[in-house]
Amino acid sequence: MTGLEQYHQDALSKLRNKELLIGDAFIDGVWVSKEKKFPVYEPSTGTILGNVSNCELADFQKAIESTESVQEEYFLSTTGAQRGALLRKWNDLILANQHDSKSIIFAVILSLENGKPYAEAFGEVAYAASFVSWFAEEAPRAYGHTIPSATPNTMVSDVREPVGVCGIITPWNFPAAMITRKVAPALGAGCTVVIKPPSETPYSCAILAKLAIEAGFPPKSVQVCPTKDRKAATELATNPLVKKISFTGSTGVGKMLATLAAGTLKKVGLELGGNAPLIVFDDADLDVTIEGVIASKFRCSGQTCVCANRIYVQRSIEKEFTKRLVEAVSRLEYGRGLDCTTTQGPLVNQSAVDKVATHISDALAKGAKVEIGGEAPNGAGYFFPPTVLSSVPTDALVTIDETFGPLAAICTFDTEEEVIKLANDTEFGLAGYLFSKNIGRCHRVAARMKVGMVAVNTGKVSATEAPFGGVKASGYGREGSLYGMEEYQVIKAITVGNLHR
Ligand code: SIN
């Protein structure tokens, strides 16, 4: 047996509940095995993990019509508290399948299909569940208002109603959490959904759908259409029965979907690309800063929209900061997701590896220096070692274009004013980070960063309770938090007149 085969065997033997590795679509309340399939590759090995049903236009149309047929009844026959109880059950099932005393299931599949280290996959299952339990609490709290009327004998109130059928399109970097962050508030609000999962990582979505139905949601309330056919998936943006579309992915695709959705005036939520600046002032606590940079830059091997993409360090501490960052990065270990020592998994595919290499060679040609890493290894899997570049000029490609890989690019600056301009000099506005012990400076700079989320003295910007979303070309709408459910609701005003007649 080769090393690769052994790896596969070991991973698959951990799948106690093989029923959870589902390659079917879920349409009209039943699992459907399409004749046409597409392969799903394991980024850790480059080999095929399985083959998944490739939905066509007719499948999307059937799924949309089917879920529309139950949406109104689902909403009218349940209270917010009852929908919250269903979400609570879904949360419990997700966590029950995350881990048990003998074997580990959901997180293994997630790690296999995405490549992320097992610990991160395990954490992502909990992160995914956290949105479900959060919205289980929010569902009963869909408050309206009573509004004093200006007209005598009249009462005005408003109520929140579900927007209707929602099209959900999610990315491969968080195969589970990006689904629950959208689907849990949708179901909690009384909507029903058709999900197009990422073709790179469709298995986690199938698990979530199976567990949602097991939890007691009506079988037709959640439909899953995996596909490689982008044109078929655009049905979600054009079909008049779909009332809301929520997408996480690239700015290019987001703009295209928004344009298509405008034809039927759908509600649209877009979580798009980022190019996060991370600013280190000379008064920062360097221990806290290095921990924050590692957390922000190298989570999911640099493949998150909120990863620090440009690290601006005040000139007087550049040497010390670089030395400490290199020390911390040298302790990271890249490898297959399920290997015990791995802290950095592979990238999603070869073109992701090539993009990191292009950003490095561009920066080197402009005068940057490799401090650690820098070259992709030969062999199976889409690996790139965690890399640090110093002396990166502020016009290098890496400062303009999101790398989406494990490359920490260090630029220097002299003044606060200068670095605020550099940080905001991008079309994107998702996340920004800053490190300083000066409380006045922290508030001042945070206020001037043109982003949807600022992290101060921490590398962690994402949390279930914190509104997640961007400005500028990073999109609009907010997920998680107290705002997440209203993205799936519409407000209806009710005026009752002639009360005393
Ligand atoms: C992402 O969308 O890439 C980041 C997700 C998160 O941090 O929650």
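Which cavity is taken up by the ligand? The ligand's space is the largest cavity. The model shown here is predicted.

View 1. The protein has 16 helices and 22 strands. Its radius of gyration is 24 Å, close to the 23 Å that the globule rule gives for 501 residues, so the protein is as compact as a globular protein of that length. The C-alpha trace spans about 80 × 65 × 45 Å along its principal axes.

**View 2. The shell of residues around the ligand.** Tyr127, Asn173, Phe174, Met178 and Arg181 belong to this shell. Sorted by class, the shell holds six nonpolar, three polar and two charged residues.

View 3. Asn173 places a polar side-chain atom 2.9 Å from an oxygen atom of the ligand. Arg181 also has a polar side-chain atom 2.9 Å from an oxygen atom of the ligand.

View 4. How much of the ligand's area does the protein bury? Taken alone, the ligand exposes 250 Å², and the protein buries 100% of that.

Definitions and conventions. Residues numbered from 1 in each chain as written. Predicted model: local features only at pLDDT ≥ 70, side-chain atom pairs only at ≥ 80, totals over all residues. Heavy atoms only, no water. Near = heavy atom within 4 Å. Polar contact = N/O pair within 3.5 Å; in protein donor to acceptor, adjacent residues only side chain to side chain. Areas by Shrake-Rupley, 256 points an atom, 1.4 Å probe, with all protein chains shown as cover. 1 Å grid on protein atoms, 1.4 Å probe; cavity = no way out; pocket = protein on both sides within 12 Å on 5 of 7 lines; lining within 4 Å. Sits in = over half its atoms within 2 Å of the grid points. Nonpolar A, V, L, I, M, F, W, Y, C, P; charged D, E, K, R; others polar. Helix = DSSP H or I, 4+ residues; strand = E, 2+ residues; numbered from the N terminus. Rg over C-alpha atoms; globule rule 2.2 N^0.38 Å.
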